[in-house]
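Please consult the sequence and the three-dimensional structure shown here before reading the briefing that accompanies them.

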Amino acid sequence: MTHILHRQIHTTLPVASGGRGIELFDADGRAYIDASGGAAVSCLGHGHADVLAAMHRQADTLAYAHTSFFTSEAAEALADRLVADAPAGISHTYFVSGGSEAVEAALKMARQYFVEIGEPQRHNIIARRQSYHGNTLGALATGGNEWRRTQFRPLLIDTHHIDPCFAYHYQQAGETDEDYARRAAQALEDKILELGPETVMAFVAETVVGATAGAVPPVADYLRRIRDICDRHGVLLILDEVMCGMGRTGTLHACEQEGIAPDLMTIAKGLGGGYQPIGAVLLSQTIFNAFASGSGLFQHGHTYICHPMACAAALAVQEVIARDGLLDNVKAMGAHLTRRLGERFDNHANVGDIRGRGLFMGVELVEDRSTRLPFDPKRKLHARIKKEAMARGLLVYPMGGTIDGIKGDHVLLAPPFICDVAAIDAIVERLGDAI
Ligand code: PMP
């Protein structure tokens, strides 16, 4: 009998009793390869000695101090590091406890920015229908995933959603990437013009679409076009890299591969690698300057912002990634994973697409690969594969069903950056058996 309200009320979950490296163990002694890193969180795997040592040191020194009185060495050092490695124009960071909180803070920064510069009429937010930005009310309103939102209407923010997102590209075979990028970006400009540019505050998008679509990277040039459109109309670009960021795609930030920089960026998950709950907003000098020369204050805050334990753990995670050259391993193991998935599934009748970047890969399941017809959502294929994979000692992150008329089942793979060839081979082997 559990007294925890779990998401699935009638499911009994195994008890996780330990973790080492790429494996988690349950209380019955079964081992699972963590091929999803939880939900793209555990980038260093479990029980990493250097991170644990840093956490012990921090706990011995200082567990908590409220930011109205103090800053901390851990928070300052992590901020210095994140800003030094950030995309062009980013000058500051704001630490919160997770991805949804980061999205909430970024939206409030955007809103306050326009108030500070005397354009308070800019309040409209545009996002993509096929997106997930978190589960707090503001973040929920921003994401387009209708089945998550519908029962909570009226939502606090009225976000405007556009189609298509590049995640739809797979189901619209025949259109070139160039035409698709142009059409998808044009949808943003059309929406800005429809609402009136002077009313639009921000466009929010995941650089690589994660939970709703299964690691779908943007087609070439899409985000450069989006950046141009935002600039032309004075709209802020908020990139949500909570899932795809912090090295998961082989570069620290996924947007580096697109050659653009956002005005605001949200990060979380891999930032702390699961060792502590932490998220952050990276903000541009322009936004910072508006606060600094305006009210002199960002009107926001939570009890646990800049938590020293969280910052110390995240700093250790990021230092280990840099010291051990793990982004190179993400690239190399990502290439190996892509190759092995291709070998195993290229001729599989029910695997329609294999895509992603680095160690952020999606496998799309279809009823008919020649027509790209998805499975009937009632068959809940993604959930069945998760179960079959667990029975084989493998954790994968499945998604599926119907999202606003777009059907599809995907399996997301996001294994720890420390994976070697043998681990990748075992992941593909077990996933093949499960499918
Ligand atoms: N944005 C994106 C892109 C995400 O994938 C998630 C979590 N899956 C969130 C925001 C919300 O993060 P959290 O669950 O840490 O609140």
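The briefing below treats the overall fold, the domains, the ligand shell and selected strands in turn.

This is a predicted model. The protein chain contains 13 helices and 16 strands. Its radius of gyration, 21 Å, is close to the 22 Å that the globule rule gives for 435 residues, so the chain is as compact as a globular protein of that length. The chain is divided into two domains, namely domain 1 (16–48 + 325–434) and domain 2 (53–323).

**Overall fold**

- The C-alpha trace of the protein chain spans about 60 × 55 × 45 Å along its principal axes.
- Of the 435 residues in the protein chain, 51% count as buried.
- Among the contacts with a separation of 6 or more, 72% involve residues 24 or more positions apart.

**Domains and their contact**

- Between the C-alpha centres of domain 1 and domain 2 the distance is 25 Å.
- Domain 1 contributes 33 residues to the contact, and domain 2 contributes 35 residues.
- On the side of domain 1 that touches domain 2, two or more residues come from each of helix 1 (37–40), helix 11 (326–345), strand 11 (351–357), strand 12 (360–368), strand 15 (397–403) and strand 16 (406–413).
- Helix 11 gives the most to this side of domain 1, with five residues.
- The side of domain 1 that touches domain 2 comprises 18 nonpolar, eight polar and seven charged residues.

**The shell around the ligand**

- The ligand is surrounded by 15 residues, of which the closest are Gly-98, Gly-99, Ser-100, Gly-134 and Met-243.
- Helix 4 (residues 99–116) gives the most to this shell, with three residues.
- By class, the shell around the ligand consists of seven nonpolar, six polar and two charged residues.

- Four strands form an open sheet in the order 1-2-3-14, and their pairing is mixed.
- Strand 1 (16–20) and strand 14 (394–395) are at the edges and each has a single partner strand, so one side of each is left without a neighbour in the sheet.
- Strand 1 and strand 2 (residues 23–26) run antiparallel and are joined by four bridges.
- Within this pairing, Gly-18 stands opposite Phe-25 of strand 2.

- Strand 11 pairs with strand 12 in the antiparallel sense over six bridges.
- Two of the bridge partners in strand 12 can be named: Phe-360 is the partner of Arg-357, and Gly-362 is the partner of Arg-355.
- Strand 11 and strand 12 form a hairpin with two residues between the strands, in which Gly-358 takes a positive phi near 60°.
- Strand 12 also pairs with strand 13 (residues 373–374), in the antiparallel sense and over two bridges.
- In this second pairing, Leu-373 of strand 13 is the bridge partner of Asp-368.
- The hairpin of strand 12 and strand 13 has four residues between the strands, and Arg-372 in its turn has a positive phi of about 65°.

**A buried loop residue, Gln-130**

- Gln-130 lies in the loop between strand 5 (124–128) and helix 5 (137–142).
- Gln-130 is buried, as 24 other C-beta atoms lie within 10 Å, and a count of 20 or more defines a buried residue.
- Although 278 residues separate Gln-130 from Gly-408 in sequence, their C-alpha atoms are 12 Å apart in space.

Methods
Residues numbered from 1 in each chain as written. Predicted model: local features only at pLDDT ≥ 70, side-chain atom pairs only at ≥ 80, totals over all residues. Near = placed C-beta within 6 Å. Nonpolar A, V, L, I, M, F, W, Y, C, P; charged D, E, K, R; others polar. Domains from an automatic or database assignment. Contact = placed C-beta atoms within 7 Å. Rg over C-alpha atoms; globule rule 2.2 N^0.38 Å. Buried ≥ 20, exposed ≤ 12 C-beta atoms within 10 Å, placed from the backbone. Pairing = 2+ DSSP bridges.
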